Amino acid sequence: MNTSLIDLDRAHLVHPVASYRGHEQQGVRVLVSGSGATVTDSTGHQLVDGFAGLWCVNAGYGHDSIVEAATRQLRTLPYATGYFGLGSEPAIRFAAELAERAPGDLNHVYFCLGGSDAVDSTIRFIRYYWNVRGQPQKDQFISVEQGYHGASTMGAGLTALPAFHAGFSVPFAWQHKIPSHYVYRNPVGTDPQAIIAASVADLRRKVAELGGPERVAAFYAEPIQGSGGVLVPPDGWMKAMRAVCRELDILFVADEVITGFGRTGPLFACSEDDVVPDFLTVAKGLTSGYVPMGAVFMSDHVYQTLADGAGASVVGHGHTYSAHPVSAAVGLEVLRLYENGLLDNGRKAGARLMEGLMSLKDHPLVGDVRGRGMLAAVELVVDKQKKTRLPAAAQPARRIFDRAWNNGLVIRAFADGVLGYAPPLCCTDSDIDAILQRTKLTLDQTLADPDVRAALA
Ligand code: PLP
């Protein structure tokens, strides 16, 4: 059964962000079940999912109450459009519950299908916003190197990871970047205030280069850069960037697709950063990955501008599956679970994870350990002084992922030798201890890799 599934996959299923040839060679690993923080593959191999799927199954696997919420909604009304002035109870209630909890005046929620179309929707809303404000020349967008804002046609150009650009003819001419705060490798050093000052200066410089604030529509930032390697900015970075945007009348978009819903502790990382953006995007933990959904929060002034600007006309943006009632029903139940223990457990488990990962700092390969809450990374180097990355010959992404997998652990292994962690918030102490012990074993095996040994200082 398994062999034929592997063949069928090879022949027909196009995988996201994969080397197609590499994948054909390797063959798919099929996951068949999950419970708590554990997943099982089709050979019966059990693993602690240290990455919550794709940083999304924040609640963990196997919650009957989520399944029941979805089933109830599927039985009563599986679909209702939001077009024609129609709606459904779960979607309306979910929007209201979210608005009540969102930072500041982010009181208006547009539901979509995932993170990429949440970001894509913001681009459309922002263009519309400046057009109705009579400033169509404010059409330049700025994001941050190492940032990730999805893979939609327009969002991929705000993303700043080479694989999403090469061969795809993005970024577009209106999409620009400033350097990341990347503390471990920042040219200005590790002093938090110096890093913040450099980012502020970079943003001001970029705005000036583009012709001044009257040309710039928006600035996008993640509270913690996830896909860029879990890069945690110094405390105060988001707030400082937000202040520059406010001063220059540039819309500030906080992309919380990864950081939202307990990943860093609270429901929204922005509240910890004491920041109220003009737009905030979420997905992943919004429904804990049980069903697809994304959302765009917009602040009162944005919503009122769009509404007044359109007047009696429609704001022509929407999806068939906007505010899908089954996704909303799942989201409502997931939110209840977060607030009935999961956020608290995540904070506790996150502290244990961080303490354990920090204790690996003495390992010969560990250059940096960083994170917040249940979002962390370990960056490997072969020379701690020079911060030399693992050699490409050691195939860090493939081999480290495989070693961890064989040790019973799912992590994300980035190509540059960074190990990413985003376990479910339901992790028990023993789940966290298993993650740590299996990480240590994986590091020791990586140290024994001849291609790593050859490059060691
Ligand atoms: N924005 C951020 C910050 C993300 O991390 C991601 C996905 O990882 C996205 C947007 C895109 O979300 P999706 O993969 O659901 O389209």
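This is a predicted model: local features need pLDDT of at least 70, side-chain atom pairs count only at pLDDT 80 or more; totals for chains, interfaces and linings use all residues.
- The chain is divided into domain 1, which is made of the two stretches 2-62 and 340-453, and domain 2, which covers 80-323.
- Between the C-alpha centres of domain 1 and domain 2 there is a distance of 27 Å.
- Where the domains touch, 28 residues of domain 1 are in contact with 18 residues of domain 2.
- On the side of domain 1 that touches domain 2, at least two residues each are supplied by α3, α11, β11 (366-372), β12 (375-383) and β16 (418-421).
- The residues on that side of domain 1 divide into 14 nonpolar, eight polar and six charged.

**Helix α5**

- Helix α5 runs over residues 89-101 and has 13 residues, and the 19 Å from its first C-alpha to its last is close to the 18 Å expected at 1.5 Å a residue.
- Which residues of α5 are buried? They are Pro90, Ala91, Phe94, Ala95 and Leu98.
- Seen down the axis of α5, these buried residues fall within an arc of 130 degrees, so they line one face of the helix.
- An α-helix has 3.6 residues a turn, so residues three or four places apart point the same way.
- Ala96 and Glu100, by contrast, are exposed on the other side of α5.
- The elements against which the buried residues of α5 pack are α4 (64-76), β4 (108-112), β10 (294-298) and α11 (325-358).

**Helix α4**

- Helix α4 also has 13 residues, and its reach of 18 Å from first C-alpha to last is close to the 18 Å expected at 1.5 Å a residue.
- The buried residues of α4 are Ile66, Ala69 and Gln73, and because they fall within an arc of 60 degrees when seen down the axis of α4, they line one face of the helix.
- Asp64, Glu68 and Arg75 lie on the other side of α4, where they are exposed.
- The cover over the buried residues of α4 includes α5 and α11.

**Backbone details to look for**

- The peptide bond that leads from Val170 to Pro171 is cis, with omega near 0 degrees, and Pro171 lies in the loop between β5 (140-144) and β6 (175-178).
- Ala52 has a phi near 45 degrees, which is a positive value in a residue other than glycine.
- Is Asp249 buried or exposed? Asp249, found in the loop between α8 (237-248) and β8 (251-255), is exposed, because it has 12 other C-beta atoms within 10 Å, and 12 or fewer is the limit for an exposed residue.

- Ala37 has its place in the loop between β1 (31-35) and β2 (38-41), and it is buried, with 26 other C-beta atoms within 10 Å.
- Although Ala37 and Ala59 are 22 residues apart in sequence, their C-alpha atoms are 8.8 Å apart in space.
- If its neighbours within four places in sequence are left aside, Ala37 is in contact with Val48, Asp49, Gly60, Pro423, Pro424, Cys426, Cys427 and Asp431.
- Val452 sits in helix α14, residues 450-453, and it counts as buried because it has 23 C-beta neighbours inside 10 Å.
- A separation of 49 Å lies between the C-alpha atoms of Val452 and Glu68, which are 384 residues apart along the chain.
- Beyond its neighbours within four places in sequence, Val452 is in contact with Val382, Leu390, Ala394, Thr446 and Leu447.

Terms used: Residues are numbered from 1 along each chain as its sequence is written. Helices (H or I, at least four residues) and strands (E, at least two) are DSSP runs, numbered from the N terminus. The expected span of a helix is 1.5 Å times one less than its number of residues. A residue is buried if 20 or more other C-beta atoms lie within 10 Å of its own, exposed if 12 or fewer, and partly exposed in between; C-beta atoms are placed from the backbone. The arc is that of the directions from the helix axis to the C-beta atoms. Two residues are in contact if their C-beta atoms, placed from the backbone, lie within 7 Å. Domain bounds come from an automatic or database domain assignment. Ala, Val, Leu, Ile, Met, Phe, Trp, Tyr, Cys and Pro count as nonpolar, Asp, Glu, Lys and Arg as charged, and the others, Gly among them, as polar.
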